Amino acid sequence: EQKARERDGGGMSRYRARAEEEELDREAFQEVQTFLEELLERPMLTIEGATEDDQQDTQIGDALAALLKDGVVLCEAANAIIPGVIKKVNKSKLAFKQMENHMKFIQVLQSWGVPANDCYNPNALHEGNDLRSVVRACYSLGAALQSNSELDWDGPVIGKPYASRNTRDFSVEQLKQQRLLASSGTAISLGSSTIMERPSVSRTGITAGFEYAGAGSSEISALGRGSSAVMERIPVSRTGITAGNDYVGAGSSEVSALGRGSSVVMERLPVSKIGITAGNEYVGSGSSSEVSALGKGSSATMERIPVSKLGITSGNEYAGSGSATEISAMALGSSRTMERVPISRTGITAGNDYAGSGSTTEVSAVSLGSSATMERASIGRTGITAGNEYAGSGS
């Protein structure tokens with residue numbers, strides 16, 4: 001059993017919470033029952049067959065809801081406080097008459113100072129679904145009886161009175177002192193000013209922080225001075241946009257050391273040729289009208305056949321063909337090595353003629369198929385049903 005409880009810890013917690021809630025409900029129902037019985041000076045709830053211990057069970061809630069359903073008991077309780085406050089109490093069994101009783105009771109509660117949100121919904125109570133709201137309204141009635149001096153009630157009550165307003169009146173001098181105290185700053189804004197000494201502020205203005213840092217009015221600040229007080233600095237004797245150029249050793253119009261590069265340690269050939277063809281001339285070519293060494297290629301080491309034929313047909317002529325009207329060697333193909341049958345028939349039916357067929361009206365050898373070697377039966381039946389008839393079926 002203990003392991004089952006540990007395993008279902010969440011369920012047990014919910015069970016305990018529900019049990020505690022039901023216990024509070026039973027106590028509240030019992031207090032409301034006692035309050036109404038003291039007002040009416042008669043017992044109300046009698047559960048047939050129930051023992052004294054069973055009176056604390058949830059059956060009390062069900063019996064209380066059934067008793068308050070028609071609103072008669074509530075109206076009689078209001079008349080017990082102030083006689084005749086509800087002039088007519090309906091004891092009919094009709095639902096709308098019972099609803100009138102509840103509406104009259106709620107109006108009386110609000111006139112005695114009970115807030116509207118502490119009242120209940122008559123429809124829900126009539127259906128037996130809002131008993132807790134009725135219990136809350138009865139507690140609010142007890143609070144109003146204790147708080148409303150106009151009622152002058154000294155009879156039975158339930159619950160605690162409403163909180164009364166605590167109005168305080170301050171004199172003009174007290175309000176003045178409060179304003180002075182507020183202007184001096186709150187404890188949070190005062191900070192540690194009451195326990196730590198603060199130097200007096202003798203310098204003001206936008207340069208106050210600058211002056212406190214040790215700098216004069218127009219002197220360079222300590223931050224700006226940097227390490228000038230502990231490290232030697234070379235005096236600046238050259239100024240201007242070319243100062244850096246001068247410091248690296250270059251003259252005013254001379255080439256800088258960076259620009260000179262390795263000219264002082266490596267021999268450079270004098271530049272004697274200039275112009276756009278200088279590079280061409282340096283690689284060994286002649287003037288601008290000669291072919292460069294790159295253009296010559298392997299002409300100096302390999303023999304080249306002189307070009308004696310020019311024009312668009314020069315390649316055709318070099319391939320061994322005759323003039324432009326002759327057939328080239330490529331077009332001749334295997335005509336010189338293989339025998340070709342002379343073409344004696346021309347026209348669109350030449351291929352048909354060569355296949356062995358007669359004139360254009362005869363059937364070709366391909367179309368004849370096996371008709372020359374195999375016997376064919378004569379076709380005696382034609383029409384769309386010929387196959388059906390040959391298969392042995394009727395007409």
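A: Here is a short chat about the overall make-up and some individual residues.

Q: Before we start, what kind of model is this and how do the cut-offs work?
A: It's a predicted model, where local features need pLDDT of at least 70, side-chain atom pairs count only at pLDDT 80 or more, and totals for chains, interfaces and linings use all residues. Residues are numbered from 1 along each chain as its sequence is written, and side-chain values use heavy atoms, with hydrogens and water left out.

Q: OK, how many helices and strands does the protein have?
A: There are 20 helices and 0 strands. Both are DSSP runs numbered from the N terminus, with helices being H or I of at least four residues and strands E of at least two.

Q: And what share of the residues is buried?
A: 20% of the 395 residues. Buried means under 20% relative accessible area, exposed means over 50%, and partly exposed is in between, with a 1.4 Å probe and protein chains only.

Q: What about the accessible surface of the protein?
A: About 30700 Å², and 54% of that belongs to carbon and sulfur atoms. Accessible areas come from the Shrake-Rupley method with a 1.4 Å probe; for residues, only the protein chains shown count as cover.

Q: Switching to α4: is it mostly covered or mostly open?
A: Mostly covered, with 8 of its 10 residues buried. Among them are Val72, Leu74, Cys75 and Ile81.

Q: How many salt bridges are there?
A: The count is 1, where a salt bridge is a side-chain nitrogen of Lys or Arg within 4 Å of a carboxyl oxygen of Asp or Glu. Glutamate 76 pairs with arginine 42, and their closest N and O atoms are 2.9 Å apart. Glutamate 76 sits in helix α4 (residues 72-81) and arginine 42 in the loop between α2 (9-40) and α3 (59-68), so the pair ties together parts that are 34 residues apart in sequence.

Q: How accessible is glutamate 76? And arginine 42?
A: Glutamate 76 is partly exposed at 23% relative accessibility. Arginine 42 is also partly exposed, at 37%.

Q: Where does glycine 155 sit?
A: In the loop between α7 (131-147) and α8 (172-183). The C-alpha atoms of glycine 155 and isoleucine 81 are 8.2 Å apart, though the two are 74 residues apart along the chain.

Q: Last one: which residues make the nonpolar surface patch?
A: Val264, Val265 and Met266, covering about 350 Å². Patches are made of residues with over 30% relative accessible area and no salt bridge; like charges are joined within 9 Å, and nonpolar side chains (Val, Leu, Ile, Met, Phe, Trp, Tyr) within 5 Å.

Q: Is valine 265 buried or exposed?
A: Valine 265 counts as exposed, because its relative accessibility is 67%. Its place is in the loop between α13 (257-260) and α14 (278-282).
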